[in-house]
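Q: I have a structure to go through with you. Can we start with the packing and take the rest as it comes?

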Amino acid sequence: MRDENLFDQEDYLQARVDEYIWQKSSDAGISRQRFLQILATMVGATAIGGLARPAPAHSQTSTSSLSNPSATVKAKSSKILKPLPPGYISHSKGTLEMNWEAMYERGYIVPNDWFYVHNRNTPPPFDPSTWRLQIQGTGISTPCEFSYDEIITMPSISVTCAIECAANGRRFFEDAYNKPLSGTRWRLGAIGVAEWTGVPLSILFERAGLKSTATDVLVEGGDLDSLDSKQSKFSSVVPISKALADNSLLVYAMNGEPLPPDHGQPCRALFPGWGGNANVKWIERIEVSETPIYTQWVLEQMVLVGADYPAISPYKGKLIKYQNVKSAFELAWPATLVAKPYLLRGRSWSGKGKIVRVEVSLDGGKIWQFARLREPNFPFAWVRWDIEWNPIPGEYSLQARATDNLGNTQPITVPWNDFGLLYGGVVSHPVTVQG
Ligand SMILES: Nc1nc2c(c(=O)[nH]1)N[C@H]1C(S)=C(S)[C@@H](COP(=O)(O)O)O[C@H]1N2
Ligand SMILES: [Mo]
């Protein structure tokens with residue numbers, strides 16, 4: 001197995017590019033140099049006919065009414081089965097944004113009914129007697145399948161961590177750059193923390209005879225990717241090193257209950273710290289491969305595209321994996337309060353570790369004070385914090401800025417990217433205090 005430092009984005013990207021060039025040039029029976037020449041004359045990886053596998057698009061970047069007017073004609077039916085909790089925002093048929101104000105009275109965990117939803121499809125029906133999980137691919141020696149009963153009786157662990165859409169905070173790119181973006185206009189509510197119970201993927205792979213040469217893992221859902229012209233299934237790809245991490249799970253329970261339909265019934269993937277779409281729901285098939293798997297999702301969607309992120313072929317931009325640092329106040333947006341002493345509360349999180357410091361500014365960024373952190377504070381989840389505030393009437397812009405144990409923090413400005421992914425900047429929360 002390759003020994004790669006998953007936290008070093010540049011090394012990872014370079015390794016992937018090298019592998020891709022080597023693999024594709026030898027597949028095509030041409031020199032590496034010739035392959036690079038061909039690649040340089042094409043736009044995006046899909047141009048390399050037959051070389052890139054079709055895969056789903058990320059975060060409806062191509063269905064938004066902004067880029068595709070016909071997409072505004074929507075069916076009446078929702079792709080979300082659970083009821084809309086109070087104050088939650090339904091941006092589209094398949095998106096449900098958490099109401100941060102409602103979290104003020106809540107504990108560390110988000111209850112299942114209150115967890116945000118990002119469904120590209122209606123949850124497929126589940127029949128425990130016929131459902132099977134297939135494990136296949138060149139990276140294992142014994143292709144096998146598991147029934148639901150087999151999965152839930154295997155050794156399991158529970159991990160408390162966040163799942164967050166890679167596009168959480170997208171709307172703040174629009175605000176900062178005064179430029180529209182495709183896709184769901186999330187503020188900061190496309191995140192939740194739950195206790196996930198499931199079978200470590202390493203145990204499943206061991207049963208399937210994992211080879212030491214395995215390099216990539218593709219996880220596929222039971223839902224068709226409606227955006228993909230080839231009608232492939234929704235999937236994601238992670239390197240084998242991530243799949244074998246102790247906390248990478250095939251999840252079947254959420255907060256002690258069987259996984260609800262909207263959250264992946266009967267099983268979903270959990271890859272702590274990675275963007276939400278890596279955590280494939282309604283899993284039916286896992287492919288372990290000895291050769292790198294390059295889907296459209298990896299090459300074209302999980303990338304930052306923009307002037308500050310030069311593309312490195314075959315990727316359309318800069319590949320992303322881990323989520324960044326963000327903070328949110330547990331307040332309505334915008335909030336209206338009466339002038340009296342408050343205990344302001346919020347939460348901060350990082351996809352790369354745990355939060356060690358949160359600073360809050362009550363005057364639009366002039367003076368910063370430390371907030372008090374509340375236990376628990378699990379890595380890849382979030383920490384709750386609070387600060388006293390006794391405001392006089394007026395208009396306010398509240399800001400919070402967190403730092404994680406690796407020193408990652410929240411800048412004031414963030415470079416633009418065309419999909420509006422990974423907004424990690426300081427957000428100004430508008431508050432009116434009435435007399
Ligand atoms: N099969 C499948 N898995 C999926 C999706 C999907 O549409 N289909 N959406 C992904 C996205 S974009 C996100 S952000 C998370 C959302 O998980 P949740 O709805 O449980 O909060 O699921 C991911 N897994
Ligand atoms: Mo998402």
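**Packing and aromatic pairs**

A: W186 is buried, at a relative accessible area of 0%; buried means under 20% relative accessible area, exposed over 50% and partly exposed in between, with a 1.4 Å probe and protein chains only.

Q: What should I know about the model and the numbering?
A: This is a predicted model, where local features need pLDDT of at least 70, side-chain atom pairs count only at pLDDT 80 or more, and totals for chains, interfaces and linings use all residues. Residues are numbered from 1 along each chain as its sequence is written, chains are lettered from A and ligands numbered from 1 in the order in which they are written, and side-chain values use heavy atoms, with hydrogens and water left out.

Q: Back to W186: what does it form with Y116?
A: An aromatic pair, edge-to-face, with 6.0 Å centre to centre and 90° between the planes. Rings of Phe, Tyr and Trp (its six-membered ring) pair if their centres lie within 6.5 Å; planes under 30 degrees apart count as stacked, over 60 as edge-to-face and the rest as tilted.

Q: Is Y116 buried or exposed?
A: Y116 is buried, with a relative accessible area of 6%.

Q: Which parts does the pair tie together?
A: Y116 is in the loop between strand 2 (95-97) and strand 3 (117-118), W186 in the loop between helix 4 (170-177) and strand 7 (191-200), so the pair ties together parts 70 residues apart in sequence. Helices (H or I, at least four residues) and strands (E, at least two) are DSSP runs, numbered from the N terminus.

Q: How many aromatic pairs are there?
A: The structure holds 19. One aromatic cluster consists of F172, F173, Y177, W333, W416 and Y423.

Q: New topic. How many residues are in the largest nonpolar core?
A: It has 95 residues, and L133, I151, W196, L204 and W382 have the most contacts inside it. Such a core is a set of buried Ala, Val, Leu, Ile, Met, Phe, Trp, Tyr and Cys residues joined through side-chain atoms within 4.5 Å.

Q: Which strand gives the most to this core?
A: Strand 10 (residues 249-254), with six residues.

Q: Where does the core lie?
A: Domain 2 (132-319) and domain 3 (326-434) both give residues to this core, so it lies between them. The domain bounds come from an automatic or database domain assignment.

Q: How many disulfides?
A: Zero in a search of the whole structure, taking a disulfide as a pair of cysteine sulfur atoms within 2.5 Å. C267 counts as buried, at 0% relative accessibility.
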